Every structure is written in structure tokens, then in C-alpha cells.
Amino acid sequence: MSCMLRVGGVDLNVDRLLEFDLKPDSMYRKGEPQSPKSKSKSTHPTSGVRYVVSNADFDQFEEQKKDAINFMRDNACSIREIMSAAGVDGAELDFGIDKRDVFVQCDSFPAELVRLAGELGLDIMLSQYPTPEEKSEQ
């Protein structure tokens with residue numbers, strides 16, 4: 001999953017968000033270990049939920065953007081309900097893409113996606129990940 005909607009808040013009751021039509025992919029609670037498999041003792045400073053926006057791969061950014069526009073159109077009412085729920089401090093659309101081996105990497109968002117996200121109160125994040133080839137070189 002390369003595009004996710006993350007909703008979070010310090011005082012967010014994630015169980016309350018389960019009552020809405022939009023069903024989360026995963027959730028976490030304030031104070032829980034950030035990575036249960038890790039030896040690190042760090043815990044989540046907030047509670048939150050994650051919703052799948054696009055299943056397009058990291059190298060399919062154009063498809064992710066189309067999926068995100070459709071997701072926001074199709075789920076605008078549910079997103080508004082979630083955003084107005086008690087304890088929600090904010091939300092973001094996080095697009096995961098491949099980090100390309102170029103001098104300058106420029107990626108843009110269409111105006112419609114930006115407009116819809118803004119109307120729904122969603123931030124936009126672009127997360128760049130190493131390609132499988134780069135991972136194998138490390």
C-alpha cells in the first residue's frame with residue numbers, strides 16, 4: 001500500500017472511529033510500543049488510524065494520485081465525519097514513492113487533488129523510499 005490516509009490525535013479514541021463507514025487498515029493507541037518487534041522502548045505519543053487510499057506500487061505515482069482523487073470523492077462524507085470526531089488533531093494523505101536516481105527529483109500533485117484534500121482538511125505528504133535495487137546495495 002503506497003498511499004495511506006493517516007488520522008491522529010493526542011486524545012483520540014480510535015475505537016470511536018470504527019463506528020464510521022470508512023474502515024481502517026490499522027490503528028495504534030497512545031502509549032503502545034511503536035514497533036512491538038523492536039527492542040526500542042519508544043511508544044506512540046498519539047493515537048491514530050490508517051486507511052488505504054491506493055494499492056498502487058511505489059513506482060505508480062500517477063495511479064496513486066488518481067486513486068486518491070477517487071477516494072476523496074467517494075468518501076468525502078465519511079472523511080468529514082472522521083475529521084470532526086472528538087480528539088482528531090489532524091490527518092494526512094501520505095504518498096509513498098520510489099526515490100529515483102536523478103539529480104533533482106520533482107513530483108507534483110494535480111490541482112484537483114490539492115483542492116479536495118484542502119476542502120477535507122487533509123495535509124499531503126510525499127514519502128520517498130529506496131528502490132529494491134538501492135536496498136540490495138546497502
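What percentage of the contacts in the chain with a separation of 6 or more is accounted for by residues 24 or more positions apart? Such residues account for 69% of these contacts, a contact being defined by heavy atoms within 4.5 Å. The structure is a predicted model, in which local features need pLDDT of at least 70 and side-chain atom pairs count only at pLDDT 80 or more, whereas totals for chains, interfaces and linings use all residues. Residues are numbered from 1 along each chain as its sequence is written, and side-chain values use heavy atoms, with hydrogens and water left out.

The chain contains 5 helices and 5 strands, where helices (H or I, at least four residues) and strands (E, at least two) are DSSP runs numbered from the N terminus. Read from the N terminus, the order of elements is β-α-β-β-α-α-β-α-β-α. Along the principal axes, the C-alpha atoms occupy a box of roughly 45 × 45 × 20 Å.

Of the 138 residues in the chain, 38% are buried, that is, under 20% relative accessible area, with exposed meaning over 50% and partly exposed in between (1.4 Å probe, protein chains only). The accessible surface amounts to about 8300 Å², and carbon and sulfur atoms contribute 49% of it; these areas come from the Shrake-Rupley method with a 1.4 Å probe.

Aspartate 98 lies in strand β4, which spans residues 90-98. This aspartate 98 counts as buried because its relative accessibility is 16%. When residues up to four places away in sequence are not counted, aspartate 98 touches Phe58, Asp59, Gln105, Tyr129 and Thr131.
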